[in-house]
Structure formats: C-alpha cells, structure tokens
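Dear colleague,

Please find below the structure that I am handing over to you.

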Amino acid sequence: MPGFEVFGDEERKEVQDVLDSGVLFRYGFDQARNNHWKAETFEKELAEKIGAGHCHLCSSGTAALSVALAACGVVVGDEVIVPPFTFVATIEAVMSAGAVPVFADIDETLCLDPESLEKALTPRTKAVLVVHMCGAMAEIDRIKAFCDQKGVTLIEDACQALGGSFNGKYLGTFGKVGCFSFDPVKTITCGEGGCMVTDDRKLYEIADAYADHGHDHVGNDRGAEGHAIMGANFRISELNAAVGLAQLRKLDRMLKIQRAHKKEIKAALGRIPGLEFRKIPDEAGDSATFLSFFLPEEAVAAKVSDELAAAGVDGCFYWYHNNWHYVRQWDHILGLKSAAPLPLTLFETRPDYEKLNLTQSDSIMGRTISMLIKLSWTQDDIARRINGMTAVLSR
Ligand SMILES: *Cc1c(COP(=O)(O)O)cnc(C)c1O
C-alpha cells in the first residue's frame, strides 16, 4: 500500500535538487531556485494524470479539505452530509469550517449509500462530502446525480483513493472539488502533504489564495502581490513536494503491483463459503490498496480478526473497534470536545450526536475486515498469507 515502500534514487534526486538550490519555499526566489519548481510541477503532472483542470498542493489532506470547503463557500451553520466510516479528518475539516456534519449511512461499498442521502437532506444542506474509503469508489454516479438534482455541492474526499477510477474517470474528478492526501501511510507519500483538484478556474484561484494568506500569485514580486481575500497558511514546502513528485511518477507501477497482489489473494479466498467481498461498483477502477471482506456476523468478524493476527496474517483492520475510522469510537468528536468552542454548538438544529441512528452502517462495519495490500510482498509472502487466511477463514 504505502509509497514509502518504494523510496529510491528518484526521491533522493528531487530532494537533492531542492537542497542544492537552497530554496525550500514554493513561491518566488526565481533566480536562486535554478528552475526547480517542485510543487508547481507536481500540480501540473497530477492534474494532467487524473484529467483535472487544476490542482493545488497543500500541507496535508486535512488542509486540502479545509481549503476545499472554504473555496466551495461552506460557511458557519451550513450542513454537510458525511459518512460515519472515514478517517476523523473528514469530520474535523467540516467542524473547523464551522459547518455541521450530518451523518448518513454507508452501504456495502463501505462508502455513502446513495439511498441514505435523502433522509439526511435538509434546507440547510450545502454539500455532500463523499469519501472513497480503502482505495475504492462509492456509487459516485448515483451520488453525483443526487447532488445535481438537489442543487447541493459534491465534494470528494479521495485521500485514500489516488489512482482509482469509475468507468474510466478518475476519482476526485466527479465533484466540484476532490481532495487527496500524501501522508505517511497513503498510496503515494511525501511525509505530509495533500491536494485539491477542480475544473473550476475561479474556485481554484480562491483555493490558491486562501491557502497562502490571500496572495493572488500574480507577477513575481511577492511583496507587491494583491490580496482579494484573507486566508491562512496551508502551504507545502518544496522538500515535501519534491518527494511527492518522484512518488507520483511511480503511481502507475504501484497500482499495477497492488492490483496483481489483490487479484491473486481474492481468487484464492473466493472459494471459501460464507465469505463475501466488499462491493466495488467498477472493479477495474479499484486502486487495490486494501482487500475488504464481510463475515456472516459481528461476533464472527471480531473473532476472525483476532485469529488472523494470531496466525501471523498482519495488516488486517477490524474498523468497528478502531479508534480513528468509525464513528462509534469517536467520543471526542461526538461530544464536541474541542480546544475552543465549536461554532456548530450555536445551532440547535444540529443532529444529536449522542443518539445517532446508523444501524445499517453498524451492521456492515461490524462484519467488515480490511487487509492492506503491500507492494513489497514476494510470491512466497503471498502464498503464506493465502494459507494463513484460508486456515482461519475456513474454520
Ligand atoms: C488520510 C486521510 C485524510 C487526511 O489526510 P492527512 O494528509 O493525514 O491530513 C482525510 N480523509 C481520509 C479519508 C484519509 O484517509
């Protein structure tokens, strides 16, 4: 799964370029930088690769989500429909915008259920923030159709799904904005980093300025630049961007390896009775970072998860009991425990987070185990893994 497995001379060369120039800043210093524009080059190459009009690189995926929400005009009191299965960053970004996360159920894609959106919709709904979890897609065409029909903004958190696609179109390019993360455990990594992509030039310009104190980035005298809006600092450094650039150029190779490993394991496990795989609306577009499967019931899944670990099959996640990815363990978030009072506490219309009714999601997550797919596995590793898994899962 993670890009750190394939660090090599390519990453070292890109970083060396930056260190040799002495310019760690992504803007300006035109003379000194010896023509190295790592962040800018990354943005161009990523946009081109996934067929997005524009890309803006940020300091993290969480930063990209914050920038995306601001650029989409999500303001204090707006409601944003979110899934209960995601990394907490998705929810944090909505809450720090002052907006109100409204949870809707997931389905067997492990992503938002298009059928659950209507129930979560209110006159205050500004956006649907769909998360493509564990490397594969939501029913993105149906979710997009819903948003278009209701006049609601679609934002994609594709932080875990770089390189994934649906019917030949890359994930992250269906919504008004798509966000990616390059943190230490993502498909490609640059230590810390993320980006947002959009086809909307105006929205891109707002994001680009908002992420850098409002700088409009016109001309090459930073001190003389205009500032149409205020912003903050969500910038990436050239050092991180340099690593990201080398990683991006390895993406296709990484996807190919992941897909081959996953296919082999899935074929071997497919014969086990009672075992079902996660629903993937377009198998060919799966980035294959994880293999997710369902056991017949919660008690069995919890037991199998322990047994897999005991059998030495590492890298398996039982998200239902996990602190960071499923809503049931988020007492800090559901209890609105923040460093400073959250704007959403001002709104009595907010959902009662202590009494969420997500029985469909509970029933799915209670039965789900995901195993990460590593790039570095040898044929022996895979064979041993298949044997270990078959022994546990066939009991
Ligand atoms: C990793 C992740 C993020 C946040 O990205 P960071 O770069 O770690 O800030 C957001 N959403 C999802 C679904 C993620 O997996």
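The model is a predicted one, in which local features need pLDDT of at least 70 and side-chain atom pairs count only at pLDDT 80 or more, whereas totals for chains, interfaces and linings use all residues. Residues are numbered from 1 along each chain as its sequence is written, and side-chain values use heavy atoms, with hydrogens and water left out.

A polar backbone atom of Gly61 is 2.7 Å from an oxygen atom of the ligand. A nitrogen atom of the ligand lies 2.7 Å from a polar side-chain atom of Asp157, and an N or O atom in the side chain of Asp183 is 2.6 Å from a ligand oxygen. Of the 380 Å² of accessible area that the ligand has on its own, the protein covers 94% (Shrake-Rupley method, 1.4 Å probe).

The largest pocket holds about 690 Å³ of space. A pocket here is an open set of points on a 1 Å grid where a 1.4 Å probe fits, with protein on both sides within 12 Å along at least five of seven lines, and its lining residues have an atom within 4 Å of a point. The volume is the space filled by probe spheres set on the points. The lining comprises 31 residues, of which Tyr27, Tyr204, Asp208, Asp216 and His217 are the closest to the centre. H7 gives the most to this lining, with seven residues.

The count of salt bridges comes to 31 (a side-chain nitrogen of Lys or Arg within 4 Å of a carboxyl oxygen of Asp or Glu). One of them joins Glu45 to Arg249, with the closest N and O atoms 2.7 Å apart. Glu45 is in helix H2, and Arg249 is in the loop between helix H8 (238–248) and helix H9 (251–269), 204 residues apart.

Yours sincerely

Note on methods. Polar contact = N/O pair within 3.5 Å; in protein donor to acceptor, adjacent residues only side chain to side chain. Helix = DSSP H or I, 4+ residues; strand = E, 2+ residues; numbered from the N terminus.
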